[in-house]
Amino acid sequence: MQLVDLEPGPIPRVEGGGQGDPRPTRPQEQRTQARGREGSRLERAAQLEGARGGEHEDNVSRLRSSSLEIREKGSEILREQLDAAQKELKLKDKECERLSQIRDQLEQELEELTASLFEEAHRMVREANVKQATAEKQLKEAQGKSDVLQAEVSALKTMVLTSTPSSPNRRAHPQLLSPGTRSRGASPHHGGGHARNKSASGALPLAPGGHSDLPSDLQPVREDKEMDSILYAEFLTWKNRPSLDRSSAFLVRIYREDIGPCLSFTRSELSQSVQSAVENNSLTIEPVAMSALPMVRANAIECGGPKKCALSGISRSCKHQIKLGDEESYYYISPSSRARITAVCNFFTYIRYIQQGLVRHDAEQMFWEVTRLRREMTVAKLGFYLTDQE
């Protein structure tokens, strides 16, 4: 804004008319006064305007200075905040690095722990498998021993190898034989007890050294044998999968040719019960004098008696009795009936041994033993049997 210099200059003198009066005329004075007032007014206005301009400039300068101060203070605050944020970021970086180290350490420890746990689990599994295999092996051995013992006990019961003072088994106790009898060998005649696995074909006594006491012209020639290929093939088929079921041609033939005829007595119903007991290994043969259990006696026709066989109905001296399973009744049997039952029991005992894996012979040896047991059943069916020396 420009200021106009309105300072009054010298007031000009106005020459008036009349008598040379130097004083101005009234209009002139009025104009002069007006000009003076106007100049004063303009001067005051200019001063006022100058004052106002100065004040405006002061306000602008103050505003500028305050803006600079605000900017400086804002910059300083921002710098402080930036420094604090940087420090906080550094602390967080350190914390993150520390946590990352802890995480890595925990992951490493977890991997080591997992590996050790897996190793321990595998070790425990191996030990458990070894223990299980050992226990199973011991169990199989124990079961095998138990089966052997049970079979032996059953065989001993079936063959009645024990003796009593009233009815001694002289074959089981050779010390009871007289010296002459021991040297000659026992001659067959009726008596108590029987020898295990003694074939009826050995009824002819042999002198010491294996020679017969018969004259040379009556001595039998040496026995020879020849295998039947059909029977051997049937036995091999059964041996591959041994079972006591009548599903194989081997057992079907033996039941038809040997077991059935051997256990076929006059009393057919009791004969069937005896055969079932022999098959189930639940038949007991005891000497009459050994009976210590309470006996429920039926009539004499059913159970026989000391002088009558319950199976054949023949009047014979009965020194043995049989018990079928859990029945309380005993049945008197003659020596011939006992020999027939014993021969069948011997056969079942041997094939049970084969089924349980207790026989270590080869197939041919097993076949000939089975054939020998079949011959015993056939001989017993024909009425031949061995008795002990009284």
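Helix axes here are lines fitted to C-alpha atoms over the stretch in contact, and angles run from 0 to 180 degrees between N-to-C directions. The model is predicted; local features need pLDDT of at least 70, side-chain atom pairs count only at pLDDT 80 or more, and totals for chains, interfaces and linings use all residues. Residues are numbered from 1 along each chain as its sequence is written.

Start with the helices, which are DSSP runs of H or I with at least four residues, numbered from the N terminus. The axes of α3 (residues 229-240) and α4 (residues 249-262) come within 7 Å and cross at roughly 120°. Contact means heavy atoms within 4.5 Å. From α3 come Ile230, Leu231, Glu234, Phe235 and Trp238; α4 supplies Ala249, Phe250, Leu251 and Arg253. Seven of these residues are nonpolar, none polar and two charged.

Now the strands, DSSP runs of E with at least two residues. Strand β2 (residues 320-324) runs antiparallel to β1, joined by five bridges. Proline 287 has histidine 320 of β2 as its bridge partner.

Last, confidence. pLDDT is the predictor's confidence in each residue, from 0 to 100. The protein chain averages 76, and 71% of the residues score at least 70. Residues 160-167 fall below 50; beyond near neighbours in sequence, this stretch has 22 contacts in the model.

How values were computed:
Side-chain values use heavy atoms; hydrogens and water are left out. Two strands pair if DSSP finds at least two bridges between them. Ala, Val, Leu, Ile, Met, Phe, Trp, Tyr, Cys and Pro count as nonpolar, Asp, Glu, Lys and Arg as charged, and the others, Gly among them, as polar.
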